[in-house]
Amino acid sequence: MKMRRLDHIVLTVSDMDASKRFYHEVFDMPVIEDQSDEHVVTMRCGHQLIRLQKADRPTALKAAQSIPGTADFCMIAGDKMDDIVHHLKSYFVDIVEGPVTKMGAEGEMTSVYITDPDKNLLEIAVYQNK
């Protein structure tokens, strides 16, 4: 079996409203209302989805240890790094590290690291030769 791409990730959050507001406002991710309910909020991130869920979501289809603040992932941005840094600062989002050069799935990229309301580590990257 050969995997083609990631479709979505699910983040366990402690405060659904704060997380929804963060991802929607800071990253301009639209909420997909027909895939959201009182237990899950689905947001579009490029061609993929990010779903937010509370740890007490009533389903057996979740990780055994669904705990807020345990995710660490990278999102590729379509903007220049200087513009990204300015945008994050305008929303009072602290940059944990960066800009720094890293290697991603498609080669060398420039990244900044931030945390979301649950202290998940988010890498925001721009490929240098793409």
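1. Two strands are taken as paired if DSSP finds at least two bridges between them, and strands (E, at least two residues) and helices (H or I, at least four) are DSSP runs numbered from the N terminus. On that basis, strand 2 (residues 40–45) pairs with strand 3 in the antiparallel sense over six bridges, and V40 has Q53 of strand 3 as its bridge partner. The model is a predicted one, in which local features need pLDDT of at least 70, side-chain atom pairs count only at pLDDT 80 or more, and totals for chains, interfaces and linings use all residues. Residues are numbered from 1 along each chain as its sequence is written, and side-chain values use heavy atoms, with hydrogens and water left out.

2. Strands 2 and 3 form a hairpin with two residues between them, and G46 in that turn has a positive phi of about 65 degrees.

3. Strand 3 (residues 48–54) also pairs with strand 1 (residues 8–13), here in the parallel sense and over six bridges; K54 in strand 3 is the bridge partner of V13.

4. The second largest pocket holds about 250 Å³ of space, and of the 19 residues that line this pocket, V10, L11, T12, Q53 and S66 are the closest to its centre. A pocket here is an open set of points on a 1 Å grid over the protein atoms alone, where a 1.4 Å probe fits, with protein on both sides within 12 Å along at least five of seven lines, and lining residues have an atom within 4 Å of a point. Strand 1 gives the most to this lining, with four residues.

Note on methods:
Grid points are joined across faces, edges and corners, and a volume is the space filled by probe spheres set on the points.
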